[in-house]
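The following note sets out some points on the structure shown below. Kindly read it alongside the sequence.

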Amino acid sequence: MSVTPHSFFENVVAQVSAPGGPAVVPAPDTCTHLTGADHVASLTVALGSLNAQLDALDRWGRLLADVLCGDIRGRLLAAGNGGSAAQAQHLTAELVGRYRADRPPFSAICLTAETSSLTAIANDYPADELFARQVEAHGRAGDVLILLSTSGRSPNAVTAARRARDGGITVLAMTGPAPNPLAAAADEAVCIDSPWTATVQECHLVALHLVCAAFDAAVLSEPARVPATSRVQVVE
């Protein structure tokens, strides 16, 4: 039986698991449009799944501090496709630059940002190798790779996760709804329970900021692992 398309808000209001129970998020193929109120409602529902995973994000921040401040002075690698590529670059910028507190820079490489390498690999190798070959080149045992995929099914991200784990690199994934191949291939995953790509990406951005906050807290807690720096005046 065909379903008459509705806006997101109309579906949410109409679909509840029980009287007074939580709203059921409709699938995108039953929704023709999102109003501003719909979009915010979608995000509010999805943030509930993120709220249940705050401990994992805090743990990720502490892990990054251990790796980047440790004796081996490890590094973070990050990658994703499309909007997730931009968010991967956002993450590495927060570590090479700063998030909130002024502190020394840390090694963080976005695998989507070097266009010559990307186009060379895409031209000469199968598409699945786009990130995996860079992981093999830049990653060392003990490093961390963060992969972002709203579907969790991007073949190049899954291949990169497997290549990284083969090389002793810890793989952390941010994805859409679980289960999915990337979450299965990673050491640990934070999965956003929403069918909407934009909503998943928005939650991923919040999650990345929470990782950065936990990283700064671990790095600058007493006794601080690194000195705070005031050499550069930050202009807001």
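1. The model is a predicted one. Its protein chain exposes about 11,700 Å², and 56% of that area is supplied by carbon and sulfur atoms.

2. On overall organisation, the protein chain contains nine helices and seven strands. Of its 236 residues, 44% count as buried. Among contacts with a separation of 6 or more, 70% are between residues 24 or more positions apart.

3. The largest nonpolar core comprises 36 residues. Those with the most contacts inside this core are Leu57, Trp60, Leu64, Leu76, Ile146, Met174 and Phe215. Two or more residues each are given to this core by α2 (36-51), α3 (54-69), β3 (76-80), α4 (83-96), β4 (108-110), β5 (144-149), β6 (170-175) and α9. The largest share, nine residues, is that of α9.

4. With neighbours within four places in sequence left aside, Ile146 is in contact with Leu64, Leu76, Leu77, Ala78, Ala79, Leu91 and Leu172. Another core, of 21 residues, lies apart from the largest one; Ala79, Val135, Ala161 and Ile169 are among its members.

5. A nonpolar patch on the surface is formed by Leu47, Leu54, Val206 and Leu210. Together these residues have about 270 Å² of accessible area. Leu210 is placed in helix α9 (residues 197-220). Leu210 counts as partly exposed because its relative accessibility is 34%.

Key. Residues numbered from 1 in each chain as written. Predicted model: local features only at pLDDT ≥ 70, side-chain atom pairs only at ≥ 80, totals over all residues. Heavy atoms only, no water. Patch = residues over 30% accessible without salt bridge, like charges linked within 9 Å, V, L, I, M, F, W, Y side chains within 5 Å. Areas by Shrake-Rupley, 256 points an atom, 1.4 Å probe, with all protein chains shown as cover. Salt bridge = Lys/Arg side-chain N within 4 Å of Asp/Glu carboxyl O. Helix = DSSP H or I, 4+ residues; strand = E, 2+ residues; numbered from the N terminus. Buried < 20%, exposed > 50% of the residue type's maximum accessible area, 1.4 Å probe, protein only. Contact = heavy atoms within 4.5 Å. Core = buried A, V, L, I, M, F, W, Y, C linked by side-chain atoms within 4.5 Å.
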